[in-house]
Amino acid sequence: MDPRTLRYYLALVQERHFGRAAARAHIAQPALSQQIKQLEAQLGVQLFERSTRRVEITGAGERFAEHARRIVAAVDHATADMAAFAHGSVGRVSVGFVGTATYDVLPRLAHLARRELPDIELQLRGELLSPQLLDGLAAGQYDLALIRPQIGPEQDVSDGKRREDPTITLEPLRTEQLLAVLPTAHPLAASETIDLAALSDETFVTHLSDARSWMHHRVLEACARAGFRPRVLEVGETATLAVSVAAGLGVALAPEPVRSLGLDGVTYLPLQTSETVELLLAQRETGASAAVAAVADLVRRVCGEVVPRGRGPHPGHVGDSSRE
């Protein structure tokens with residue numbers, strides 16, 4: 001049952017005249033008559049009563065017209081939907097976010113996608129560690145992931161690929177400054193900047209070491225360059241890290257977007273010696289839909305627009321609501 005035949009049939013239902021219906025459907029009248037006869041034979045019913053003066057639709061014809069309209073509408077919808085899918089304006093895209101990217105990139109991406117890609121179903125999940133995100137990406141749980149560089153032999157991504165899984169590509173999005181995160185009651189909290197070595201006697205709240213967290217190792221590296229190895233208190237999420245600092249359990253180093261938490265009781269201080277971390281976009285090398293590509297472009301735009309403040313003005317203390 002060709003959709004074109006159904007369109008011819010519906011033209012005849014509306015015109016009730018073979019000549020006018022043929023002109024409307026851009027087909028010769030004998031060909032239209034033949035198509036209708038074949039349709040009746042296929043269905044085993046008479047759809048029209050024909051006379052030399054007029055064409056009348058039968059009860060079976062009226063009933064079949066309802067089916068034909070639904071079928072033609074479904075074909076039109078499917079055609080339009082596939083065109084939109086190919087263009088990248090519809091589909092389902094899952095994006096995972098590491099720690100601080102949850103606080104500034106995720107909300108901006110959600111807002112921009114609602115405005116520019118309203119028919120894409122965006123699934124967002126934040127506060128995950130990079131190894132979890134990469135494993136989920138490989139397993140198909142995520143289409144895109146914002147991660148930190150990895151520790152170990154797989155960290156060499158000079159060719160844009162993760163060494164332990166060459167089917168995943170890594171793209172640098174931006175470089176972020178590490179900030180010292182102190183309780184507001186700390187004696188050094190009123191400083192403009194801070195020498196990391198001045199915190200050598202403090203407990204550092206860090207991400208989990210046994211989960212291959214790159215940030216855990218990055219903090220230890222920064223402290224080693226400052227001449228000490230810190231005592232550590234390990235937590236699972238960046239939000240918990242900041243809350244622990246606010247509670248006076250220690251100090252921390254965190255990427256600058258941690259400011260976006262807007263948490264009371266903490267102060268963010270630039271380091272006198274710059275320490276940075278990279279934010280990367282990870283995705284599977286093949287099989288990405290146009291919708292995934294469209295969302296990836298939005299991620300790049302968001303990260304290009306969100307410029308870390310660097311050393312800028314003094315970051316403030318209790319209730320600091322500044323953003324990157």
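The legends below accompany close-up views of one predicted model.

In this predicted model, local features need pLDDT of at least 70 and side-chain atom pairs count only at pLDDT 80 or more, whereas totals for chains, interfaces and linings use all residues. Residues are numbered from 1 along each chain as its sequence is written, and side-chain values use heavy atoms, with hydrogens and water left out.

**View 1. The protein chain as a whole.** The secondary structure of the protein chain comes to nine helices and twelve strands, where helices (H or I, at least four residues) and strands (E, at least two) are DSSP runs numbered from the N terminus. Of its 324 residues, 47% count as buried; buried means under 20% relative accessible area, exposed over 50%, and partly exposed in between, with a 1.4 Å probe and protein chains only. Among contacts (heavy atoms within 4.5 Å) with a separation of 6 or more, 75% are between residues 24 or more positions apart.

**View 2. Packing of helix α1 against helix α2.** Helix α1 (residues 3-15) and helix α2 (residues 18-25) pack with their axes 8 Å apart and at an angle of about 135°; axes are lines fitted to C-alpha atoms, for helices over the stretch in contact, and angles run from 0 to 180 degrees between N-to-C directions. The two helices are therefore oblique to each other, on a scale where angles under 35 degrees count as roughly parallel, over 145 as roughly antiparallel, 65 to 115 as roughly perpendicular and the rest as oblique. The residues that meet are Tyr8, Ala11, Leu12, Gln14 and Glu15 in α1 and Phe18, Arg20, Ala21, Arg24 and Ala25 in α2. By class, the residues of this contact divide into six nonpolar, one polar and three charged, with Ala, Val, Leu, Ile, Met, Phe, Trp, Tyr, Cys and Pro counted as nonpolar, Asp, Glu, Lys and Arg as charged, and the others, Gly among them, as polar. In the loop between α1 and α2 lies arginine 16, which has a positive phi of about 55° although it is not a glycine. Arginine 16 is partly exposed, with a relative accessible area of 30%.

**View 3. Packing of helix α2 against helix α3.** The axes of α2 and helix α3 (residues 29-43) come within 9 Å and cross at roughly 100°, which makes α2 roughly perpendicular to α3. Phe18, Gly19, Ala21 and Ala22 of α2 meet Gln29, Leu32, Ser33 and Ile36 of α3, and this contact has five nonpolar, three polar and no charged residues.

View 4. The rings of tyrosine 9 and phenylalanine 64 have centres 5.2 Å apart and planes at 55°, so the pair is tilted. Because tyrosine 9 lies in helix α1 and phenylalanine 64 in helix α4 (residues 59-87), the pair ties together parts that are 55 residues apart in sequence. Tyrosine 9 is buried at 0% relative accessibility, and phenylalanine 64 is buried with a relative accessible area of 10%. The rings of phenylalanine 204 and phenylalanine 228 are likewise a tilted pair, with centres 5.9 Å apart and planes at 45°. Phenylalanine 204 in strand β8 (residues 203-207) and phenylalanine 228 in the loop between α7 (214-225) and β9 (231-235) are 24 residues apart, and their pair links distant parts of the chain. Tyr9, Phe48 and Phe64 form one aromatic cluster.

**View 5. Surroundings of phenylalanine 97.** Phenylalanine 97 belongs to strand β3 (residues 91-98) and counts as buried at 0% relative accessibility. Neighbours within four places in sequence aside, its contacts include Thr102, Val105, Leu109, Leu124, Glu127, Leu128, Leu133 and Leu146. Phenylalanine 97 and leucine 128 are 6.2 Å apart in space, C-alpha to C-alpha, and 31 residues apart in sequence. Glutamate 127, in strand β4 (residues 120-128), has a phi near 60°, a positive value in a residue other than glycine, and counts as buried at 16% relative accessibility.

**View 6. Helix α6 and the glycine after it.** In helix α6 (residues 130-138), the buried residues are Ser130, Pro131, Leu133, Leu134, Gly136 and Leu137. Glycine 140 follows α6 and has a positive phi, near 85°.

Methods: Phe/Tyr/Trp six-rings, centres within 6.5 Å; stacked < 30°, edge-to-face > 60°.
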